[in-house]
Every structure is written in structure tokens, then in C-alpha cells.
Amino acid sequence: MNCIFCRIANHEVPAETVYETDTVLAFRDIHPKAPTHVLVIPKVHHTHVAALGPEDNELKIALHDAISQIIRDLKLDESGCRVVANLGANGGQEVAHLHYHILGGRRLNWPPG
Ligand code: 5GP
Ligand code: ZN
């Protein structure tokens, strides 16, 4: 499958890694929308959050653990940040490999456009 995030997860395409385990990778977004913009992905391909089921519960915990630790490591828990998973056309999802955005370092608008 020609999936850019699978290729990043397999270290075939370079990325600025901020967190890595056997199952989860997090790296800086190539076009940051905020001073801090990190993407958290499962290494195995899933399309989006709604593709995860009970069989993926361990992975869900691993993803959430990653998000929590990255937020603490980057000190975004003090200043605040946003965690977003876009899904499909209406959600504005461009890359069809599950990913969570962590955005911080500036005041973010709500609701998003
Ligand atoms: P989406 O719109 O699918 O929720 O977000 C995809 C994100 O992936 C975008 O913010 C985009 O800038 C980022 N992105 C796309 N291709 C690459 C890449 O090759 N490397 C990195 N680091 N980020 C990417
Ligand atoms: Zn993929």
C-alpha cells in the first residue's frame, strides 16, 4: 500500500520523531499549523478512529499513553493544547492512516473552520 504514514512508520521516509514504541510513532507535522504540531500514529495501518474495534483495545491504550506522555514531555499540559483526529471528507482528513494531531504553543480558535 502506498501510504505515506506507513512509510514513515517503517522508517522508509524520514520524519522528526518525538516518541516511539513498538506500536506507536509520533513525529512533527511537515506543515505545522501551530508552534507545536505533532502527529501520533499507530505503526500498523488503520484508516481512522472509527476503524478501531474492541480487538484494538491494547493499541488504543498505547496511543492514549503516547498522547499523554508527549503532552507532558513538551510541557503542553501547562499552557494547554488540542488533540484532534480528523475523519473522512467532512473532517478534512488528507492522509487515510489514523493519526492524532497534538497542537499547541498558541491560542487555538474554537470552533475550527
Ligand atoms: P489530516 O488532514 O489528514 O488530518 O492531516 C494530515 C497531516 O499530515 C497534515 O497536517 C500534513 O501537513 C501532514 N503530513 C502530510 N504528509 C506528511 C509527511 O510526509 N511528513 C510529515 N511529517 N507530515 C505530513
Ligand atoms: Zn498507512
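I started with histidine 37, which is buried at a relative accessible area of 3% (buried means under 20%, exposed over 50%, partly exposed in between, with a 1.4 Å probe and protein chains only). This is a predicted model, where local features need pLDDT of at least 70, side-chain atom pairs count only at pLDDT 80 or more, and totals for chains, interfaces and linings use all residues. Residues are numbered from 1 along each chain as written, chains are lettered from A and ligands numbered from 1 in written order, and side-chain values use heavy atoms, without hydrogens and water.

Histidine 37 lies in strand β3 (strands are DSSP E runs of at least two residues, helices H or I runs of at least four, numbered from the N terminus). I found its side chain 3.0 Å from the backbone nitrogen of lysine 33.

Next I looked at ligand 1. I got 18 residues around it, the closest being Asp29, Asn86, Glu94, His99 and His101 (near means a heavy atom within 4 Å).

Then I checked individual atom pairs. A polar side-chain atom of aspartate 29 lies 2.5 Å from a ligand 1 oxygen. For asparagine 86, a side-chain N or O atom is 2.8 Å from an oxygen of ligand 1. Arginine 28 uses a backbone N or O atom, 2.9 Å from a ligand 1 nitrogen.

Which element gives the most to the shell around ligand 1? I noted α1, with three residues.

Definitions and conventions:
Polar contact = N/O pair within 3.5 Å; in protein donor to acceptor, adjacent residues only side chain to side chain.
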